[in-house]
Amino acid sequence: MSTTTSNPANPLVKRPSTLRAASLPRWSPAAVALGSAAVAVGIGAGAGLDSRVQWGLIAALLFIVGSYVLAVTVEGVRQAKDRLATSLVWVMFLLAVVPLASLIYETVQRGAKVFDVYFLTHSMGVIADDETGGGIYHALIGSLEQVLLASLIAVPIGLLTAVYLVEYGRGKLSKVVTFFVDVMTGIPSIVAGLFVLSFWILILGFDFSGWAGAMALAILMMPVVVRSTEEMLKLVPNELREASLALGVPKWRTILKVVLPTAIGGITTGVMLSVARIAGETAPVLLLVWVTPLINTNPFDGAQGSLPLYIYQQYAAGTDASYDRAWAAALALIAFIMILNLAARGVARWKAPKTGR
């Protein structure tokens with residue numbers, strides 16, 4: 001950044017200063033990254049390291065060290081610390097993204113072999129696990145119904161619980177509810193399945209069904225809905241509540257017309273996170289829904305299929321055909337969660353309060 005200094009011969013005349021702090025060009029991080037990658041490849045090849053993961057870790061370490069040393073040399077220690085923090089953020093970001101991208105790529109590549117309309121519209125009713133053909137229609141129907149039933153149970157209860165904790169809870173009861181919500185957040189899925197198994201099936205004598213599995217999934221879903229909704233409601237400014245109450249609007253109507261619409265985007269995201277939490281659960285389904293290769297559209301009567309359990313069964317079969325079906329079912333499960341998230345974002349954008357000048 002240039003400054004101006006006065007001319008000693010004529011104080012009224014200003015001349016530009018040539019003083020400027022040294023700084024690295026904008027392309028320097030990219031150059032350091034490319035150089036680190038090249039050096040890491042050379043080190044990995046020379047040391048006989050076969051794993052590309054090891055090469056990537058070496059490159060990340062060289063990038064962090066190289067960026068810091070170069071910044072210290074050119075810009076000074078203070079700016080070098082800033083570049084060091086930036087480099088660490090980028091490396092941690094890549095360490096989180098690369099496994100996710102690799103998983104998605106592998107799933108799409110291997111699942112696309114048999115992922116077609118036939119696979120989505122046929123079941124395994126007359127096909128053995130070691131034979132070619134078959135599909136996930138029975139498992140897809142079962143998962144959709146079980147997740148829908150669990151959502152119908154957990155979302156209203158979780159939403160109302162969060163509203164109570166934020167808007168009304170001030171005494172010992174709210175502390176007790178908060179404590180049990182925290183405890184339920186860490187409950188393993190197998191424990192929820194065993195609870196429903198012992199109470200619903202062993203004590204009350206009901207049969208295995210999709211409804212039994214949905215109750216266990218709802219137990220796992222509720223604390224996530226409560227926690228996410230509670231945090232979103234806390235972010236709503238108190239000024240909005242006070243303005244509504246000052247106009248004589250009852251508190252329940254303020255919550256319904258002001259607070260919830262303001263936080264609807266975050267609430268919807270939290271619900272989708274809870275759906276993603278239960279969509280891949282296998283233990284409660286195995287204990288309560290049981291296993292069937294047949295199509296059962298009634299979740300209240302008899303065993304049902306489920307996508308997570310279908311993936312486990314096909315992978316355990318150990319044949320090429322079953323492996324292909326397992327990867328295709330995993331691709332369908334990922335697509336199911338992605339569609340739900342996109343739908344949730346659309347609903348949140350549609351229902352969000354309109355702002356203007």
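Biologist: How do the residues of the lining of the second largest pocket divide into nonpolar, polar and charged?
Modeller: This is a predicted model. Gly counts as polar in this scheme, and Gly265 belongs to the lining of the second largest pocket. The division of that lining is six nonpolar, four polar and two charged.

Biologist: Which element gives the most to the lining of the second largest pocket?
Modeller: Two or more residues of this lining come from helix H11 (264-279) and likewise from helix H14 (320-351). With seven residues, the element that gives the most is H14.

Biologist: How much space lies in the second largest pocket?
Modeller: The pocket in question is the one lined by residues including Thr268, Met272, Asn341 and Arg345. The space that lies in it is about 240 Å³.

Biologist: Which element supplies the largest share of the lining of the largest pocket?
Modeller: Helix H1 (28-47), helix H2 (52-74) and helix H3 (77-111) each supply at least two residues. The largest share is seven residues, and it comes from H2.

Biologist: Which residues lie nearest the centre of the largest pocket?
Modeller: The lining of the largest pocket holds 13 nonpolar, two polar and one charged residues. Of the 16 residues in this lining, those nearest the centre are Gly56, Ala60, Leu94, Leu95 and Val98.

Biologist: What volume does the largest pocket have?
Modeller: Empty space is found by rolling a probe the size of a water molecule over the atoms. For the largest pocket, lined by 16 residues, the volume is about 440 Å³.

Terms used. Residues numbered from 1 in each chain as written. Predicted model: local features only at pLDDT ≥ 70, side-chain atom pairs only at ≥ 80, totals over all residues. Heavy atoms only, no water. 1 Å grid on protein atoms, 1.4 Å probe; cavity = no way out; pocket = protein on both sides within 12 Å on 5 of 7 lines; lining within 4 Å. Points joined across faces, edges and corners; volume = space filled by probe spheres on them. Helix = DSSP H or I, 4+ residues; strand = E, 2+ residues; numbered from the N terminus.
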